[in-house]
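Dear colleague,

Please find below the sequence and structure that I am handing over to you. My notes on what was found follow directly after them.

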Amino acid sequence: MTIIRSIIRKYSTHPPKRQSSLSDIYKLYKNKTPITVITAHDYITGKIADKSSEIDAILVGDSLAMVAKGHPSTLELEFDDFYYSTKSVIRSINEKFLIVDLPFGSFESSINQCIDSAIKLMKLGKIGSIKLEGSYELTDRIKTLNNFGIPVTGHIGLQPQKFNLTGGFKAQGRNSIQALEIFKQALHLQEIGCKLIVLECIPEKLSHYVTENLNIPTIGIGAGNKTSGQVLVMSDALGMLDNKLPKFVNPYLNIHNLSIDALNNYGNDVKNLNFPNSSTHTYPMNDEEFEKFQKLAQTCI
């Protein structure tokens with residue numbers, strides 16, 4: 001009974017934190033509170049994102065192909081490689097709503113391939129939504145995922161998995177015909193059951209119009225501040241790499257330069273014998289024991 005009372009007392013004063021669900025995201029949406037999303041690509045970045053009080057959701061995006069795996073685009077990323085990266089992020093997540101991409105080559109061939117890939121990811125646990133790039137061509141896949149109880153996040157505008165078709169990483173929807181097509185795609189994704197839609201690299205006027213005429217949240221990246229929320233790639237937001245940042249990124253830190261400076265300081269300290277410090281960074285051994293060791297060591301020489 002003493003153990004039971006102790007457990008009850010512990011959780012009555014410090015209840016375990018619950019991971020956010022799709023319902024929590026929709027509460028923000030209905031209250032017109034901007035939804036904050038950041039990407040993560042490993043345990044460390046997931047842990048940082050999960051600890052942030054101002055972040056609502058985490059996206060394990062296939063952008064990790066470039067920021068964590070060194071590929072020139074998202075197309076080279078193998079599903080298994082992405083899968084194991086997702087597993088490492090999931091181990092760090094306790095609180096945030098989690099969205100996970102389906103990488104290129106893991107859903108296009110057939111409905112069965114799409115379902116198999118999505119189920120394999122969902123079985124990792126903690127995932128609240130699977131994200132797919134595309135619209136009409138994914139109708140059967142999105143409907144089937146919904147039928148299996150898997151919430152889907154759509155992704156239109158600039159679709160990095162299709163950059164070859166669009167002539168590179170360029171803004172989309174800048175003329176009336178393209179804008180109308182993106183709007184139609186958004187309506188279609190909503191109609192077939194998408195729970196959220198990412199709008200990437202489209203004019204702010206267009207993203208505002210789309211957002212105002214949908215009944216589901218929109219998450220913008222390079223789409224202005226009139227969407228329901230925003231997402232950024234963490235390595236861009238924190239300046240983890242020395243690459244040129246997209247126009248729409250606001251760098252909040254420069255970890256890359258700070259890290260180089262820190263490593264240079266470490267290297268200089270080692271070369272100048274300032275690190276390790278004998279009184280601070282080492283483990284003591286009393287003189288008597290060391291003398292005993294020396295006598296024992298003589299028998300080995």
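**Helix packing**

Helix α5 and helix α6 cross in a right-handed sense, a crossing being right-handed if the near helix is turned clockwise from the far one by less than a right angle and left-handed if anticlockwise. Before going further, please note that this is a predicted model, in which local features need pLDDT of at least 70 and side-chain atom pairs count only at pLDDT 80 or more, while totals for chains, interfaces and linings use all residues. Residues are numbered from 1 along each chain as its sequence is written, and side-chain values use heavy atoms, with hydrogens and water left out.

Helices (H or I, at least four residues) and strands (E, at least two) are DSSP runs, numbered from the N terminus. Two packed helices are described by the angle between their axes and the distance between the axes. The axes are lines fitted to C-alpha atoms, for helices over the stretch in contact, and the angles run from 0 to 180 degrees between N-to-C directions.

For α5 (residues 79-90) and α6, the axes come within 10 Å and cross at roughly 25°. The two helices are therefore roughly parallel to each other; angles under 35 degrees count as roughly parallel, over 145 as roughly antiparallel, 65 to 115 as roughly perpendicular and the rest as oblique. On the α5 side, Phe-79, Asp-80, Phe-82, Tyr-83 and Thr-86 meet Ser-117, Lys-120 and Leu-121 of α6, where contact means heavy atoms within 4.5 Å. By class, the residues of this contact divide into 4 nonpolar, 2 polar and 2 charged. In this scheme Ala, Val, Leu, Ile, Met, Phe, Trp, Tyr, Cys and Pro count as nonpolar, Asp, Glu, Lys and Arg as charged, and the others, Gly among them, as polar.

Helix α6 (residues 111-122) also packs on helix α7 (residues 139-147), at an angle of about 45° and with the axes 10 Å apart. That makes α6 oblique to α7. Their crossing is right-handed. From α6, the contact draws on Ile-111, Cys-114, Ile-115 and Ala-118, and from α7 on Asp-140, Arg-141, Thr-144 and Leu-145. The contact of α6 with α7 has 5 nonpolar, 1 polar and 2 charged residues.

The axes of helix α8 (residues 176-191) and helix α9 (residues 204-212) come within 10 Å, crossing at roughly 30°. That makes α8 roughly parallel to α9. This crossing, too, is described as right-handed. Ala-179, Ile-182, Phe-183 and Ala-186 in α8 meet Leu-206, Tyr-209 and Val-210 in α9. The contact of α8 with α9 comprises 7 nonpolar residues, no polar and no charged ones.

**Buried positions**

Arg-141 belongs to helix α7. Its relative accessibility is 8%, so Arg-141 counts as buried; buried means under 20% relative accessible area, exposed over 50%, and partly exposed in between (1.4 Å probe, protein chains only). Apart from neighbours within four places in sequence, Arg-141 is in contact with Phe-107, Glu-108, Ser-109, Ser-110, Ile-111 and Cys-114. The buried residues of α7 are Thr-139, Arg-141, Ile-142, Thr-144 and Leu-145, and their cover includes α6, β4 (129-133), β5 (152-157) and α8. After α7 comes Gly-149, with a positive phi near 80°.

Pro-160 sits in the loop between β5 and α8 and is buried, with a relative accessible area of 12%. Pro-160 and Glu-200 are 40 residues apart in sequence but 9.3 Å apart in space, C-alpha to C-alpha. Beyond four places in sequence, Pro-160 is in contact with Thr-74, Glu-133, His-155, Phe-169 and Glu-200.

**Cysteines**

A disulfide is a pair of cysteine sulfur atoms within 2.5 Å. By this rule the count comes to 0 disulfides. Cys-194 is in none, the nearest cysteine sulfur, that of Cys-114, being 11 Å away. Cys-194 is buried, at 2% relative accessible area, whereas Cys-300 counts as exposed, at 68%.

**Backbone geometry**

Most residues other than glycine have a negative phi, and most peptide bonds are trans. Lys-32, in the loop between α2 (22-30) and β1 (35-39), has a positive phi of about 60° and is exposed, with a relative accessible area of 74%. Lys-126, in the loop between α6 and β4, has a positive phi of about 70° and is partly exposed, at 34%. The peptide bond from Phe-275 to Pro-276 is cis, with omega near 0°. Pro-276 lies in the loop between α11 (255-271) and α12 (287-298).

With kind regards
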